[in-house]
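Please look at the sequence and the structure below, and keep both at hand while reading. The paragraphs after them go through the structure part by part.

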Amino acid sequence: MNQPAQMILFRRMAEAPEGDRSARARFVLALLVLLLFAVSAMSAATGASDASAIGVLQSWLGGGAESTLSERDRLIINEIRLPRIALGMLVGAALAVSGALMQGLFRNPLADPGIIGVSAGAGLSAISVIVLGHTLLAPVILVLGIFALPLAAFIGGLATTLVLYRVATRRGQTSIATMLLAGIALAALAGAFSGVLIYLADDRQLRDLTFWQLGSLGGATWTKLMAAGPVIAVALAAAPFLSKGLNALALGEASARHLGVPVQRIKAVAIVAVAAATGASVAFTGGIGFVGIVVPHLLRLIIGPDHRYLLPASALLGASLLLLADAVSRTIVAPAELPIGIITAVFGAPFFLWVLLRRRGILDL
Amino acid sequence: MIEARDLGVSIGAKRILSTVHFACEPGHVTAIVGPNGSGKSTLIRAISGDLPYDGSITINGRELARLKPADAAMMRAVLPQAVTLSFPYTVREVVSLGLLGGYAGDGKEQDERLPERALAKVDLAGFAGRLYQELSGGEQQRVQLARVLCQVWTPVLEERPRYLLLDEPVSSLDIKHQLIVLRIAREFAERGGGVIAVLHDLNLTVAFAHRVIVMHRGQSLASGTPEEVMRDALLSEVFDCQLKVGAIPDGSTPFLLPQTAVA
């Protein structure tokens, strides 16, 4: 008899041994794939221009002449909405996976590149390139071209993460209070230097910077995607190799080593992956906050903290949520658009407070 | 055999251990006893590979400092004092982490039901679905033991003995579970493995250890069978209080009664 796939999945879930959530996790992963498809299609159909969802699908399926889309709609979808959706997916996945990786690395659910200053460090480097790109840093731009911005942000993020790790970790134990406070100090420092650069910026740069700081997927082009995409893709591709190590790391560094995990290598790869993913995201979309904290936390409630499932699920849900937030940002004040960072902060900040409330007893801050 | 010769450990500028000699033979439970601050935990951490050392530590003839983590994980498992988790792992997920290390299983294939069998051994049958964070300290300690047991399920692998290193394995357990845990250690040794355990309770030490090493001010002061080290003078000096060793009437097993708090 031919049983539908989800029936089999349901039965596996019911039969799973107690405490084994892998069947449930696989089921949720399948749902998240469907969600991402649905959200992408919806996102392609939403915007100031009223290109319809059916028309979009037809256009995707290469419906050439018989497509109902006008030339203008086709241009809007292929050159504006599609790169925007692709960038949104990549950045959403990058931010969520960065959060999950960093939380696993620091053994703490509150670690997030945005909160502990990594994004600020990456941002400072990015602002340097934007403001000084035509003067002081012109040779760098000349050599690296469009990769200068993500590379600079990567280096800024990496430097910040390394400093944080050094400051907050003693003998393999990371102090959450030290980490958060050091993050505040580093973010303030990066903010001060960014302020100096903004002071130096001309009017056009100033406007760009302001919107960039608020976070936006606007201005996504296939060219930008070519610069950010590979960096983020490489970082995301590292995640599966880290998952078992991060699970072991939950027991503490010494216990992970006793289990045969090459702890130093796992830490080094995770830090570089976080810096790359965060750096490339910040470079092109600016300050989109809280994705890295909301997504992994929600998923841990549903499928548990096993990184073998948490990391891919974070990528999928992060991509979907960012596309949703982007759809809201494009429609809520249409035909203008609200920076997406505002949307993620409005939803993310209260969520963060809720997490804090729930964990107040455990955290001992 | 796990052997330490002329072992020294410094943390920062402070010399914690010096000229320690130590051996744990397969088939034996070797207990490390001594007062607070005498270097027991430092010794077991050094043997676990957590601290840089001078002198030598060998496991089955191989120098510890030159072992890769994955190779060391094949030969020994380490139970730390207390493990807190910041993420909501289930008990099964925690115990299954033991399957990551080295070679679990029975020497032929890895048994998927190993976590359940390990949990039953530590008297936690039926706990697999519970969240680790919601257990009591004593239950968490036994979950960790189950995880460690999964890692070295067979005490002898390819004719080479494996080892359990236990840092205060009964510190937060009630008396029933103290006995259960130490019986597991004893059984592991009797099946050909080696056990090193830091213990505080001298009477449990006498009842379960084959060999005892007495630590005092960072040095190994005495070692031998429980009968050999359980002497009034030695213990009173090491623990700095008046202690009197008696004997259980129907046998030769010594037991200890504290006399006064201050020597």
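What follows starts with one chain, moves to the contact between chains, and ends with the other chain.

The model is predicted. Chain A has 15 helices and two strands. Of its 365 residues, 50% count as buried. Among the contacts in chain A with a separation of 6 or more, 77% are between residues 24 or more positions apart.

Helix H5 of chain A covers residues 118-132, which is 15 residues. From its first C-alpha to its last, H5(A) reaches 21 Å, close to the 21 Å expected at 1.5 Å a residue. H5(A) is also mostly covered, with 14 of its 15 residues buried. Helix H9 of chain A, residues 203-214, has twelve residues and should therefore span 16 Å at 1.5 Å a residue. The end C-alpha atoms of H9(A) are 17 Å apart, which agrees. After H9(A) comes A:Gly215, with a positive phi near 90°.

Next come pairs of helices in chain A. How do helix H2 and helix H4 of chain A pack? H2(A), residues 22-45, and H4(A), residues 71-106, have axes 9 Å apart and pack at an angle of about 145°. The crossing of H2(A) with H4(A) is right-handed. On the H2(A) side, the residues that meet H4(A) are A:Ser40, A:Ser43 and A:Ala44. On the H4(A) side they are A:Ile77, A:Arg81, A:Leu82 and A:Ile85. Sorted by class, this contact has four nonpolar, two polar and one charged residues. An α-helix has 3.6 residues a turn, so residues three or four places apart point the same way.

The second pair is helix H10 of chain A, residues 222-249, and helix H14 of chain A, residues 307-331. The axes of H10(A) and H14(A) come within 8 Å and cross at roughly 150°. This crossing is right-handed. H10(A) brings A:Leu236, A:Ala239, A:Pro240, A:Ser243, A:Lys244, A:Leu246 and A:Asn247 to the contact. H14(A) brings A:His307, A:Arg308, A:Leu311 and A:Ala315. By class, the contact of H10(A) with H14(A) has six nonpolar, three polar and two charged residues.

Now turn to the place where the chains touch. How many residues of chain B are in contact with chain A? There are 25 residues of chain B in contact with 26 residues of chain A. On the chain B side, the elements that give two or more residues are helix H2 (69-75), strand E6 (76-79) and helix H3 (91-96) of chain B. That side of chain B divides by class into 15 nonpolar, seven polar and three charged residues.

Chain B itself is divided into domain 1 (2-229) and domain 2 (230-263). The C-alpha centres of these domains of chain B lie 26 Å apart. Their contact takes 13 residues from domain 1 of chain B and ten residues from domain 2 of chain B. On the domain 1 side, helix H7 (202-208), strand E11 (211-216), strand E12 (219-224) and helix H8 (226-229) of chain B each supply at least two residues. H7(B) gives the largest share of that side, four residues. The residues of that side comprise nine nonpolar, three polar and one charged.

B:Val238 is found in helix H9 of chain B, residues 232-239. Why does B:Val238 count as buried? It counts as buried because it has 20 C-beta neighbours inside 10 Å, and the cut-off for buried is 20 or more. Leaving aside neighbours within four places in sequence, B:Val238 is in contact with B:Gly34, B:Pro35, B:Val214, B:His216 and B:Leu221.

Most residues other than glycine have a negative phi. B:Arg217, in the loop between E11 and E12 of chain B, has a positive phi near 50° and is not a glycine. B:Arg217 counts as partly exposed because it has 13 C-beta neighbours inside 10 Å. B:Asp240 is in the loop between H9 and strand E13 (243-247) of chain B. B:Asp240 is not a glycine, yet its phi is positive, about 60°. With 13 other C-beta atoms within 10 Å, B:Asp240 is partly exposed.

Technical notes. Residues are numbered from 1 along each chain as its sequence is written. Chains are lettered from A and ligands numbered from 1 in the order in which they are written. This is a predicted model: local features need pLDDT of at least 70, side-chain atom pairs count only at pLDDT 80 or more; totals for chains, interfaces and linings use all residues. Axes are lines fitted to C-alpha atoms, for helices over the stretch in contact, and angles run from 0 to 180 degrees between N-to-C directions. A crossing is left-handed if the near helix is turned anticlockwise from the far one by less than a right angle, and right-handed if clockwise. Two residues are in contact if their C-beta atoms, placed from the backbone, lie within 7 Å. Ala, Val, Leu, Ile, Met, Phe, Trp, Tyr, Cys and Pro count as nonpolar, Asp, Glu, Lys and Arg as charged, and the others, Gly among them, as polar. A residue is buried if 20 or more other C-beta atoms lie within 10 Å of its own, exposed if 12 or fewer, and partly exposed in between; C-beta atoms are placed from the backbone. Domain bounds come from an automatic or database domain assignment. The expected span of a helix is 1.5 Å times one less than its number of residues.
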